[in-house]
Amino acid sequence: MIKIIQQDAWHQLQSHATHIKQQRLSYRFVEETDRFVRYSVKDCGLLMDYSKHYCNAQTWTLLRKLLTAVHFEKARMDLFEGEAINTTENRAAWHTALRASDKMPQVQSVLEQMQLLVDRLWHQLWRGYRGQPITDVVNIGIGGSDLGPLMACRALPNQGPLRCHFISNLDPEPLEQLLKLLNPETTLFVVISKSFATLETLTNAKRAKHWLEDNGCSTDGLRQHFLAITAQPEKAIEFGVHANDILPMWDWVGGRFSLWSAVGLCIALHTGMPGFLSMLEGALAMDQHFLTAEPKQNMPIILGLLAVWYQNFLFADTHAVIPYLEALEYLPNYLQQLHMESLGKRVTKLGEELDYQTGQIIWGSTGTNSQHAYHQQLLQGTKLIPIDFIVEKNLQKPALFANCLAQAEVLMNGFEGKTSAQTIPGNQPSTLLVIDQLTPHSLGALLALYEHKVFVQSVIWQINAFDQFGVERGKQMANQITQSLLNDSGRGLYDSSTQGLINYYLQQEMMNV
């Protein structure tokens, strides 16, 4: 494998980048009066305007050469055909199979199980330990087992009789506060952990079990209040979940890509099974677009190439995602995990250390709140920060649409004030994604768009987007330090700073005793 930075296209882009910023973005619209038409794509219920970028025809020609250099078409087919593209763990990353039109038997079986569960709960056939119908469902998971379902349930309207809640953090306070509002007789907990050993998830599940027991629920009755989604059903059974109330997870679906699976059960309970299936159909539509559209009109390819362009050639280390839609308030957090856990890598797929940057820092929040928090930095600061604005074409909300367009316009064109302090330099690039209407289908397409964008970046950077060994090591060290805090053990294992903080914690504990 020839390193991407040794390819001619990479060197040509480096040279090209030194010239491209010399002309203001606004002048490009004078030179190219059809720029919006040339640099916008409409498909899958989304309009993507990427005309406000440091790009011309030559830029795109050179960027597309990178695809050829890394044999992108083969890599894309390997993704969709279930090849072991997660090379460090020797397994597929086959989340696209979860929404394929011709679903594998095990995938179809899980969808049918989900349908039965939704029917039972919506029609009040699932009863608690005192015979009351379930009214509240608590999703206990972390990472992909929390961020995806939480984001989707906030984005889409509740179509059924259930209230869905989400608990993820090891800190006991969120669960304690939530339980004060719930009735133990009518609450169901959905415990999601591939290993059924995730510290945060198991700790919160045990807290939930104790709460039920403290409120008079017998050991047998506990089964009426727990569902599990896991790849380790025997551990869930040992915890007390009935075997019939366990849904599978597969090792070929990574956590941050898992909301399309049984992990999305709370989405189905919230929107109804038709809503969940519509999400899958929207993602499938984007899959087909990604597979078949020419690179010039391929939204994930375009976004992926733009990210590489800004990271490696224009040296923009952060990227903002700003949805002008309160329903998408958790989308930036979801995309932060998708990007940074996938692309935060320091070696190639062959294990060679990288000598170029990967993985921008992804951040953001909803507009218009964002305008009163950090847009000042975007408008008059010194950093180059590309932005994705996301907005719905909702004729009932013209002010929201106007504010979104206004920010993109001022960021690009700037403003000549009476003083230098009032002047806005402009020249800040952005992509504007317009959702025709926020529905399960369009949300599915939007999420798949970003999944494939991340894949494009990983292929060009020649990294594995589907492992996360850094996260795993952090968990291992946390377990070790926890034992040191509980037993005052492990002296000599840590650096002086860590040991000093352990000593300080233990001193406070002894003072409290």
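Modeller: The questions below go from the whole chain to single residues.

Colleague: What kind of model is this, and how many helices and strands does the protein chain have?
Modeller: This is a predicted model. Its protein chain has 19 helices and 11 strands.

Colleague: Why can the protein chain be called as compact as a globular protein of that length?
Modeller: The globule rule gives 24 Å for 513 residues. The protein chain counts as compact as a globular protein of that length because its radius of gyration is close to this, at 25 Å.

Colleague: What share of the residues in the protein chain is buried?
Modeller: A residue counts as buried when its relative accessible area is under 20%. Of the 513 residues in the protein chain, the buried ones make up 53%.

Colleague: What share of the contacts with a separation of 6 or more is made by residues 24 or more positions apart?
Modeller: A contact here means heavy atoms within 4.5 Å. Among contacts in the protein chain with a separation of 6 or more, residues 24 or more positions apart account for 75%.

Colleague: How far apart are the centres of the positive and negative side chains?
Modeller: The protein chain has 40 positive side chains and 49 negative ones. The centres of these two sets lie apart by 3 Å.

Colleague: How many aromatic pairs are there, and which kind is the pair of phenylalanine 72 and phenylalanine 290?
Modeller: The search of the whole structure finds 17 aromatic pairs. For phenylalanine 72 and phenylalanine 290, the ring centres are 6.1 Å apart. Planes over 60 degrees apart count as edge-to-face. The planes of these two rings are at 70 degrees, so the pair is edge-to-face.

Colleague: How many residues apart are phenylalanine 72 and phenylalanine 290?
Modeller: Phenylalanine 72 is in helix H5, and phenylalanine 290 is in helix H12. Phenylalanine 72 is buried at 3% relative accessibility, and phenylalanine 290 is buried at 0%. The pair links distant parts of the chain, with a separation in residues of 218.

Colleague: Which parts of the chain does the pair of phenylalanine 196 and phenylalanine 239 tie together?
Modeller: The ring centres of phenylalanine 196 and phenylalanine 239 are 5.9 Å apart and their planes are at 70 degrees, so this pair is edge-to-face. Both phenylalanine 196 and phenylalanine 239 are buried. The parts tied together are 43 residues apart in sequence: the loop between strand S5 and helix H9, and helix H10.

Colleague: Which residues form a cluster through ring pairs?
Modeller: Phenylalanine 196 and phenylalanine 239 belong to the cluster. With them, the ring pairs link Phe189, Trp211 and Phe226.

Colleague: Which residues does valine 308 contact, leaving aside its neighbours within four places in sequence?
Modeller: Valine 308 is found in helix H13 and is buried, with a relative accessible area of 0%. Its C-alpha is 9.2 Å from that of valine 456, which is 148 residues away in sequence. Leaving aside neighbours within four places, valine 308 is in contact with Leu66, Phe313, Gln457, Ile460 and Trp461.

Colleague: Where does threonine 368 lie?
Modeller: A cis peptide bond joins glycine 367 and threonine 368, with omega about 15 degrees. Threonine 368 lies in the loop between strand S9 and helix H15.

Colleague: Is asparagine 90 buried or exposed?
Modeller: Asparagine 90 is in the loop between H5 and helix H6. Its phi is near 55 degrees, a positive value in a residue other than glycine. Exposed means over 50% relative accessible area. Asparagine 90 has 63% relative accessibility, so it counts as exposed.

Technical notes:
Residues are numbered from 1 along each chain as its sequence is written. This is a predicted model: local features need pLDDT of at least 70, side-chain atom pairs count only at pLDDT 80 or more; totals for chains, interfaces and linings use all residues. Side-chain values use heavy atoms; hydrogens and water are left out. Helices (H or I, at least four residues) and strands (E, at least two) are DSSP runs, numbered from the N terminus. The radius of gyration is taken over C-alpha atoms; the globule rule is 2.2 Å times the number of residues to the power 0.38. Buried means under 20% relative accessible area, exposed over 50%, partly exposed in between (1.4 Å probe, protein chains only). Lys and Arg count as positive and Asp and Glu as negative; His and the chain ends are not counted. The place of a charge is taken as NZ of Lys, CZ of Arg, CG of Asp or CD of Glu. Rings of Phe, Tyr and Trp (its six-membered ring) pair if their centres lie within 6.5 Å; planes under 30 degrees apart count as stacked, over 60 as edge-to-face and the rest as tilted.
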